[in-house]
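Look over the fold shown here before you read on. Then follow the text from a pocket to the sheet and on to the charged side chains.

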Amino acid sequence: MDELRRRVYGAGHDDPHAYAVPGHDYVELVGGPLDGLLLDVTGLTHQERTAGAMLITNQGQFGPGGRADYEPRAGDHGRWDWAGDVP
């Protein structure tokens, strides 16, 4: 699939920027409730990129307001794996 036609985490369905844009850096979210979405990491420092993220999602185990924990995949800087849901 063409990366520029992949949906970006946090973009609404009517958002004109719902898909990846050239010149930005993305990681693919793998597994869990956000599987397949891209996360824009363009403005993150190296330290922030290696720390992963707790991303708000309505689709996780804890429903609206819950978070999905995604951590960088060892040896693959382009993918973050789901580590579980938190309230």
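Start at the second largest pocket, which is lined by V27, V41, H46, R49, T50, P72, R73, A74, G75, D76, H77 and W80. On a 1 Å grid over the protein atoms alone, a pocket is an open set of points with protein on both sides within 12 Å along at least five of seven lines, a 1.4 Å probe fits at its points, and lining residues have an atom within 4 Å of a point. Helix 1 (46-51), strand 4 and strand 5 each give two or more residues to this lining. Helices (H or I, at least four residues) and strands (E, at least two) are DSSP runs, numbered from the N terminus. The lining holds five nonpolar, four polar and three charged residues. Here Ala, Val, Leu, Ile, Met, Phe, Trp, Tyr, Cys and Pro count as nonpolar, Asp, Glu, Lys and Arg as charged, and the others, Gly among them, as polar. The space in this pocket is about 190 Å³. Such a volume is the space filled by probe spheres set on the grid points, which are joined across faces, edges and corners.

A word on the source. This is a predicted model, in which local features need pLDDT of at least 70, side-chain atom pairs count only at pLDDT 80 or more, and totals for chains, interfaces and linings use all residues. Residues are numbered from 1 along each chain as its sequence is written, and side-chain values use heavy atoms, with hydrogens and water left out.

Five strands form an open sheet in the order 2-1-5-4-3, with mixed pairing. Two strands pair if DSSP finds at least two bridges between them. Strand 2 (38-40) and strand 3 (53-57) are the edges, each pairing on one side only.

Which strands form a hairpin? Strand 4 and strand 5 do, with two residues between them. In the turn, G75 has a positive phi of about 80°. G75 also lines the second largest pocket. Strand 4 (residues 66-73) and strand 5 (residues 76-86) are antiparallel over seven bridges. Y70 has W82 as its bridge partner in strand 5. R67 stands opposite V86 in strand 5.

Strand 4 also runs antiparallel to strand 3, joined by five bridges. A53 stands opposite Y70, and I56 faces R67. In a regular strand the side chains alternate between the two faces of the sheet. Strand 3 has a covered face with A53, L55 and T57, and an uncovered one with M54 and I56.

Turn to the charges. The structure holds five salt bridges. A salt bridge is a side-chain nitrogen of Lys or Arg within 4 Å of a carboxyl oxygen of Asp or Glu. One joins E28 and R6 at 3.4 Å, N to O. This pair links distant parts of the chain: E28 lies in strand 1 (residues 26-30), and R6 lies in the segment before strand 1, 22 residues apart.

Is R6 buried or exposed? R6 is buried because its relative accessible area is 15%. The cut-offs are under 20% for buried, over 50% for exposed and partly exposed in between (1.4 Å probe, protein chains only). R73 and D81 form another salt bridge at 2.7 Å, N to O. R73 is partly exposed at 29%, and so is D81 at 23%. D76 and R79 meet at 3.2 Å, N to O. R6, E28, D76 and R79 are linked in a network of salt bridges.
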